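Subject: The structure I promised you

Hi,

Here is the structure we talked about, with the sequence alongside. Have a look at it first, then read on for what turned up.

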Amino acid sequence: MNKFGIVMLYSILLFSNQIFGQFNALEKGVFSGSFESISQWYQDDNKIIVSVPQDKWATNNYLSLHYTFGKFYAGLQYEAYMPPLLGYSRKFDGSGVAHKFFSYRGDFMEITVGDFYEQFGSGLIFRAYENRQLGIDNALNGVNIRLKPSDFFSLKLVYGKQRKYFEESNGILRGLDGDLDIIKLFKIQKNIGLQIGASLLSHYELYTGADPLFPPTVNSYSGRLDFNSTRLTLSSEYVFKESDPLDLNYFWYKTGNALLLNAAYASNGLAMNLSLRRLENMDSRSERTATDTELMINFLPANTKQHKYSLANIYPYSAQVMGEIGGQYSVFYKIPTGSLLGGKYGTKLNFNYSVYYGLDTTFLGGTQGFESKYFAYGEELYYQDINFELDKKWSKAFKTVLGYMNQRYNKAQVDGGDYPIVNSDIVFFDFLVKFPKNRSIRTEIQHLSTKDDLKSWVAALIELNINPSWTIYAADMYNYGNAGEKVHYYNVGTSFVKNVHRIEISYSRQRESLMCVGGVCRQVPAFKGLTLNISSSF
Amino acid sequence: MKKVRIILLVVSVLIALGNQSEAQTVLPNVMVESITGQEVSAMNFFNDGKPMIISFWATWCKPCILELDAISDEYDEWREETGVILLAVSIDDERSLASVKTLSAGRDWPFTIYLDKNQDLKRALNVVNVPHTFLLNGKGEIVWQHNSYVPGAEQELYEEILKLTENK
C-alpha cells in the first residue's frame, strides 16, 4: 500500500464524522465498522520444545469500515500483520487495504464491484469466504451480480480473481448460478418449497508446459434439488469437475465428482437428520501450485459433528478430498417438561453417529490416478465417532451437561505418517451454578482414555463470571498417560466485555495441533506466551 | 515505521469512534434465508411496532446455545409483558447447516430462525464473533447491542426491552 493510500485512509477515519456527517444530515447515510486485534508474546519452553522466533511479538489486526447510503453500500478492510501470529503464513507479513468494494442493492438487482464473498449451492462447487482464525480469505476481486427478475427465479454471476495474501491469484474464476422455485412458478398454494438449481464454474490459469492435452481451463458443473415442508427437508447436490491437474492431486488428469444428500425431520422437541456424502478428487485451486489452505475454490468441510469440548478435538476429522464416502446421523430430543424424566425444565438429548471410509479404488498408474466403484466403501476406515450428550437444567440456578463419545481416528490418513488407528473413549461433565447478581461458575471435567498414540488425557476448566462484564478462567489439559514427557497445557485468562467492546488477555501453553473451524483445518504450532485479543464494532 | 503506522491507525479509529455520534440504526437490505429456503431481506424484519431481538448464533457455539436456551425459558413471559420477538440468525456454514433446523427444533426453541450462510448480514452489521445480540425498537432502529454471553446476562437484555416499552 502506498503512502498516499495510508494518508487517505487516516484522513477518512479522522474526518469520518465530518465527511459522512454531511451525508447523514441530507440522506441518513450510516457509517459503521469493526475492529479486531490479536497479539502474542512468545516465550521459550523446553517442555514442548519450541524455539521462539527472533521477534518475540506478533500481531494480526483487522479493521472493516462500511458505509451505507440509501441503496449504495461501500466498504474496505485494512489488515496489518506485524509479523503474523505463529501458525499463519509468513506471506501475510505486512499491511494494507485487503478489500475494497462498492455495491448497489436494488430490488431486482444487486451489483458488487471489488472484493466480495459468494457461494453456489452448498459450496461443493464454489465458495469464497473468510475465516480469520484459519487465515483463510479467498474473496474474489471482480464483479458479482445477483439478479431476481421474478419471485421464482434468481441468478448469480461472478467474475474475478481470488485474494492471495496481499496479492491476487494468477488464475481467474467465472461462474453462473441459477435457482428456480417450482412452487412459486406454478403458484401452488401450499406451505412447501421445491427448488432446483444449477451452477457452472470455470477457472483458467496460463499453462506454459509442453503437453498439448493439458487443460488450462477447468469447468465444473453442478445440479441440486431441495424440498422443504414444515417438518421435512430433503436436499441433494451433485458436482462434476473436469480434469484438473494440480500439485495437490499429483497432476493426475482425472476428473472429480461429489454427491451430497441430506434428509431432516423436525418437530417441536424431536428432530433428526441424515447426511451422506461422497467425494472423489474434488480439490480445486485457482493456482496449480497452491498448498495448504491457499486459493481454495470450493468448500469441503468434514461432514461430521463439530465438537465443543477440548479433548473431543484432539483428533478432529478433516475431509479427505481425494476420496471418501460416509455420513452422519443426529437426533435431538427434548423430554417434555413436567414428565418424570423431563422435570420442571425438560431434559435435552443429542445423539450423533458419524462414519467415513476411503473409496473402493483400483489404481491405474500414469496420469489417470485411480478408478473407483461409486456406491461402495473401501477397506480403510478414516473416521468414526459415536457420541451422546445429555443436557439437564435442574433448577433456575443449576444446569449440567453429561456426555460420552467413542472415536476412531485414522491418524495416518488424516495427519499423514505411519500410525495405527487411534481408538479413544471420552467422557465429559459440565456444570453451571448461578448465583444472585449475575454471578456464575462453570466447570468442565473431561477424560480421554486410549492405549494408542499419546495415550490418555485429563482436562479441567473453571470459569468464573463475576458479572456480565468480567470473566476469569483457568484450564488445563494433561497428557498423564504418555510414556514420554507428560506435559500440562494450561490456559489462564480474563475477559472484559462492555456492550460490543471486548478485551481478553490470557497466558497459555498450547500444543501443536490441528485446529479446525467449520471443518476446515490448519496445523497450529506449539507455543507458550501471552495473548491479547481486542474486538469492537461501531 | 510499521509500529508507528499501527499506533496511528488505532488512534484514528478511536477518534473516529469518538466522533461517531450516530451508530448503525436500521437493518440493511441484505438477504438471509428462512428455514424453508425462502430469501428474506433483513430490511423487512418486522414486529408490528414492538421491540425485536436479533441474535446471531451458531450450532457449534456453546455460549450461543446457553443464551438461546435461557431466553427460551423466559420467552413466554417476555412476550406477554413486552410483545418482543426474537429472530435467531444462524451463521453456520455447510458443515453444520443441516443441524440448525434439527437442533433448534430438538431444543424446542420458540424463535424464528434465519440462515446467513454466506455471512452477508453478519458482515453488514459488523458482527465479529458470536453470540452477538441486537435490540431494535418498534421503529426498527438498533438501540442496543451486546457481544458474548455469560449466564444471567439475559436479564440485562430484558431490562433494555422494558426501557423501550415503559417509555411509551
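Let's begin with chain B: of its 168 residues, 64% count as buried. Do keep in mind that this is a predicted model. Chain B has 5 helices and 7 strands, and from the N terminus on they come in the order α-β-β-β-α-β-α-β-α-β-β-α. If you take the contacts in chain B with a separation of 6 or more, 70% of them are between residues 24 or more positions apart.

**The sheet in chain B**

In case pairing is new to you: strands of a sheet pair through backbone hydrogen bonds, either parallel or antiparallel. For a parallel example, look at S4 (residues 85–90) and S5 (residues 112–115) of chain B, which pair over 4 bridges. There, Ser90(B) stands opposite Leu115(B) in S5(B).

**A buried strand in chain A**

Now move over to chain A and find strand S19 (residues 323–335). Of its 13 residues, 11 are buried, so the strand is largely enclosed by the rest of the structure. S19(A) pairs in the antiparallel sense with S18 (residues 270–280) of chain A over 11 bridges, and Ser275(A) stands opposite Gln328(A) there. S19(A) also pairs in the antiparallel sense with S20 (residues 347–363) of chain A, over 11 bridges. In that pairing, the partner of Tyr329(A) is Tyr353(A).

Between S18 and S19 of chain A there is a loop, and Lys305(A) is found in it. Is Lys305(A) buried or exposed? It is buried: its relative accessible area is 15%, and the cut-off for buried is under 20%. The side chain of Lys305(A) makes a polar contact with the side chain of Asn350(A) (2.8 Å). Leaving out residues up to four places away in sequence, Lys305(A) touches several others, among them Gln328(A), Glu389(A) and, from the other chain, Arg95(B).

**Where the two chains meet**

That takes us to the interface. Chain A puts 97 residues into the contact and chain B puts in 64. Between them the chains bury about 6,900 Å², 54% of it on carbon and sulfur atoms. There are 22 residue pairs in polar contact between chain A and chain B. On the side of chain A that touches chain B, strand S1 (residues 30–43) of chain A gives the most, with 7 residues.

How many salt bridges cross the interface of chain A and chain B? The count is 9. As a reminder, side chains of opposite charge can pair when their charged atoms come close. One to look up is Arg107(B) with Asp391(A) (2.6 Å, N to O). Another joins Asp73(B) and Lys393(A) (2.4 Å, N to O), running from helix H2 (residues 62–82) of chain B to strand S21 (residues 370–395) of chain A. Asp73(B) is partly exposed, with a relative accessible area of 35%, whereas Lys393(A) is buried at 18%.

**Salt bridges overall**

Over all chains, the structure holds 41 salt bridges. One of them pairs Asp45(A) with Arg509(A), whose closest N and O atoms are 2.7 Å apart. That pair links distant parts of the chain, 464 residues apart: Asp45(A) is in the loop between S1 and S2 (57–69) of chain A, and Arg509(A) is in strand S28 (residues 501–510) of chain A. Both Asp45(A) and Arg509(A) are buried.

Technical notes:
Residues are numbered from 1 along each chain as its sequence is written. Chains are lettered from A and ligands numbered from 1 in the order in which they are written. This is a predicted model: local features need pLDDT of at least 70, side-chain atom pairs count only at pLDDT 80 or more; totals for chains, interfaces and linings use all residues. Side-chain values use heavy atoms; hydrogens and water are left out. Buried means under 20% relative accessible area, exposed over 50%, partly exposed in between (1.4 Å probe, protein chains only). Helices (H or I, at least four residues) and strands (E, at least two) are DSSP runs, numbered from the N terminus. Two strands pair if DSSP finds at least two bridges between them. A polar contact is a pair of N or O atoms within 3.5 Å; within protein, one must be able to donate a hydrogen and the other to accept it, and residues adjacent in sequence count only if both atoms are side-chain atoms. Contact means heavy atoms within 4.5 Å. Buried area is the accessible area (1.4 Å probe) that two parts lose on being put together, summed over both. A salt bridge is a side-chain nitrogen of Lys or Arg within 4 Å of a carboxyl oxygen of Asp or Glu.
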